[in-house]
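Subject: Structure for your review

Dear colleague,

Please find the structure below, together with its sequence. I would be grateful if you would look through it alongside the notes that come after.

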Amino acid sequence: MVRPALTLTLLLAAAVSADEYYIYYSLTSRDLIAVQESLKFSRTMTPLRGRAEPLCSFQTQERTFSSFAAKNRMKLAECLLENSASIRSYGDFSSMTSQKKIDILTTPVMPVQVEFNDGLVTIKKIQ
């Protein structure tokens, strides 16, 4: 009886210790040359409700999400873009030829739960 109770306590403690964030990624290019990239995240002020669905997992030695995100921007961006992305394209035309072309690749603002456990960070999307 003690072992199942201990396992349940540890599982609940791990769920409570998970941090929740809102994450957003954007890449702007002009004539197919990247001119601006941003990966923004903000810790939630209130607990998020919903079902957590795993997005991706990474091995890391970092202890906080901010230090992990700073060192692994591209991996995190790839994880977000695999889930959902949208592209907006703008162009100016004069005399039937394109003069300027701007493309903006973005992900929606996504609520996620981040768990660190023995060198493994797991990012779960909250539905």
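Predicted model: local features only at pLDDT ≥ 70, side-chain atom pairs only at ≥ 80, totals over all residues.

Residues are numbered from 1 along each chain as its sequence is written, and side-chain values use heavy atoms, with hydrogens and water left out.

The disulfide

A search of the whole structure for disulfides (a pair of cysteine sulfur atoms within 2.5 Å) finds one. C56 and C79 form this link, and their sulfur atoms lie 1.9 Å apart. Helices (H or I, at least four residues) and strands (E, at least two) are DSSP runs, numbered from the N terminus. The angle about the S-S bond is -90°, and the link of C56 and C79 is left-handed.

Are these two cysteines buried or exposed? Buried means under 20% relative accessible area, exposed over 50%, and partly exposed in between (1.4 Å probe, protein chains only). C56 counts as buried because its relative accessibility is 14%, and C79 is buried with a relative accessible area of 5%.

A residue in strand β5

T106 is placed in strand β5 (residues 97-106). At 7% relative accessibility, T106 is buried. Leaving aside residues up to four places away in sequence, T106 touches Y24, Y25, S26, A85, S86 and R88, where contact means heavy atoms within 4.5 Å.

The salt bridges

Side chains of opposite charge can pair when their charged atoms come close. A salt bridge is a side-chain nitrogen of Lys or Arg within 4 Å of a carboxyl oxygen of Asp or Glu, and the search of the whole structure finds four.

One of them joins the side chains of R43 and D19, at 2.4 Å from N to O. R43 lies in strand β2 (residues 33-43) and D19 in strand β1 (residues 19-30), so this pair ties together parts that are 24 residues apart in sequence. R43 is partly exposed, at 49% relative accessibility.

Another salt bridge links R51 with E53, whose closest N and O atoms are 3.7 Å apart. R51 is exposed at 55%, whereas E53 is partly exposed at 32%.

E115 also forms a salt bridge, with K124, and their closest N and O atoms are 3.6 Å apart. At 21% relative accessibility, E115 is partly exposed.

Yours sincerely,

A colleague
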